[in-house]
Amino acid sequence: MLDIQTQLFEAQDVRFGPIDHETHPEIESKWTHDAEFMRLFDLKPARPLSPAMVKKQYEAIEKEVDEDKNLFYFTIRTREDDRLIGKAMIEWISWTNGNGFIRLGIGSPEDRRKGYGSQALTLLLRYAFGELNLYRVTAVVPAYNEGALRLFRKFGFMEEIRRRKALNRDGEFWDLVSFGLLNSEWRERNNGRG
Amino acid sequence: MKDLYRGALVRLTNESPEVLAKAFTKWNQDTEQHRLADDDPAQLWSEKKLKEFIEKRAENNSKSFRFSIRILEDDKLIGGVGLWVASWTHSEAWMGISVGDRDYWSKGYGTDAVRLILQYGFLELNLRRISLGLHSYNERALKSYEKTGFKMEGRMRGEGWRDGVHYDSLWMGILHEEWFAQTGARI
């Protein structure tokens with residue numbers, strides 16, 4: 001059923017917005033100084049970034065969005081005061097195969113465990129399946145990120161791949177878990193409406 | 001020291017762009033070959049465009065280790081194999097191989113090249129694990145990867161879409177301790 005009245009970018013407490021090149025670099029720079037966030041969000045070595053470096057990254061992201069046409073990037077803000085709290089994206093989209101990879105994160109610890117991630121994921125999935133018409137999405141999660149494992153299981157994702165000992169952190173080896181959700185499965189969970 | 005580039009049936013080489021572009025122009029016309037090896041749409045590029053593409057990708061090779069495959073017996077160029085380092089900090093790379101010339105399928109050449117690239121990855125790059133993905137319909141590749149020691153790690157449902165069919169992709173991996181155990185090489 002067509003449901004164009006329900007806004008794609010608004011959930012109960014959060015909404016998606018564009019990058020703000022003026023105010024966001026300061027905030028995101030703070031997140032990158034939290035090594036735990038970086039290790040939960042990214043597989044690359046954690047490193048703190050200055051606001052100027054974050055600004056450069058934003059420019060690179062917008063260039064990629066423009067040129068490659070296989071990345072959709074959103075900032076997550078609180079609806080109450082439009083504060084930047086996280087980011088969400090669909091990346092590496094293969095249009096001919098109908099699949100893409102999703103990734104989202106809530107930047108500061110105070111904003112976690114408040115349901116913001118769940119609301120953002122709800123928006124992201126509706127966008128992937130209802131607007132981009134993808135056949136499936138994939139989410140790749142380090143086995144030590146228990147919050148993310150819980151989140152994707154809660155949303156009905158199936159654990160499809162477990163790359164053994166793919167990560168080495170703090171002298172320990174961790175599996176890299178890959179979750180998949182099909183458009184049809186998402187639709188069924190939402191009673192055919194999405 | 002081992003001769004890293006020489007196997008039982010094939011050797012690993014680096015070819016100049018002209019030679020590769022000529023070979024790719026021919027191999028790319030075989031869509032079955034392309035659809036076994038890749039999940040991008042089959043395309044036909046001119047020899048000129050291929051040569052430029054090959055030259056450009058060679059400039060950025062700090063994370064990619066690409067080789068061509070030549071038969072030992074008659075020096076014929078039959079395909080390519082490579083490792084793409086996903087992360088140096090986690091010591092992991094992706095492996096890819098294709099035997100472009102179909103006359104050389106099912107004769108053990110590809111498997112020999114896989115053995116060589118694993119040896120290169122574990123003995124020269126000192127990787128901790130090597131991963132790969134394949135189409136679920138590529139039974140020949142699956143047999144070869146099982147034979148060379150890769151273990152199945154999962155299946156992405158309906159990841160590929162061709163001829164109106166959503167098919168799965170398979171994902172495999174081999175850890176360096178597994179490779180050392182099976183080859184009997186000393187750590």
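The radius of gyration used here is taken over C-alpha atoms, and the globule rule is 2.2 Å times the number of residues to the power 0.38. For chain B, with 187 residues, that rule puts a compact globule near 16 Å, and the value of 16 Å for chain B agrees with it. The model is predicted, so local features need pLDDT of at least 70 and side-chain atom pairs count only at pLDDT 80 or more, while totals for chains, interfaces and linings use all residues. Residues are numbered from 1 along each chain as its sequence is written, and chains are lettered from A and ligands numbered from 1 in the order in which they are written.

**Chain B**
- The secondary structure of chain B comes to 6 helices and 7 strands, where helices (H or I, at least four residues) and strands (E, at least two) are DSSP runs numbered from the N terminus.
- From the N terminus on, the order of elements in chain B is β-α-α-α-β-β-β-α-β-α-β-β-α.
- The C-alpha trace of chain B spans about 45 × 40 × 35 Å along its principal axes.
- Of the 187 residues in chain B, 36% are buried, a residue being buried if 20 or more other C-beta atoms, placed from the backbone, lie within 10 Å of its own.
- Among the contacts in chain B with a separation of 6 or more, 60% join residues 24 or more positions apart, two residues being in contact if their C-beta atoms, placed from the backbone, lie within 7 Å.

**Chain A**
- Chain A has 6 helices and 7 strands, and buried residues make up 34% of its 194 residues.
- With 194 residues, a compact globule would have a radius of gyration near 16 Å, and the 17 Å of chain A agrees.

**Helix packing in chain A**
- The axes of α1(A) (residues 24-32) and α3(A) (residues 51-68) come within 8 Å and cross at roughly 110 degrees, with axes fitted to C-alpha atoms over the stretch in contact and angles running from 0 to 180 degrees between N-to-C directions.
- The two helices α1(A) and α3(A) are therefore roughly perpendicular to each other, a term that covers 65 to 115 degrees.
- In this pairing, A:Pro25, A:Glu26, A:Glu28 and A:Ser29 of α1(A) meet A:Pro51, A:Val54 and A:Lys55 of α3(A).

**Contact between the chains**
- The contact takes 23 residues from chain B and 22 residues from chain A.
- On the side of chain B that touches chain A, the elements giving two or more residues are β5 (129-135), β6 (151-162) and β7 (165-175) of chain B, and β6(B) gives the most, with 9 residues.

Terms used. Angles under 35 degrees count as roughly parallel, over 145 as roughly antiparallel, 65 to 115 as roughly perpendicular and the rest as oblique. A residue is buried if 20 or more other C-beta atoms lie within 10 Å of its own, exposed if 12 or fewer, and partly exposed in between; C-beta atoms are placed from the backbone.
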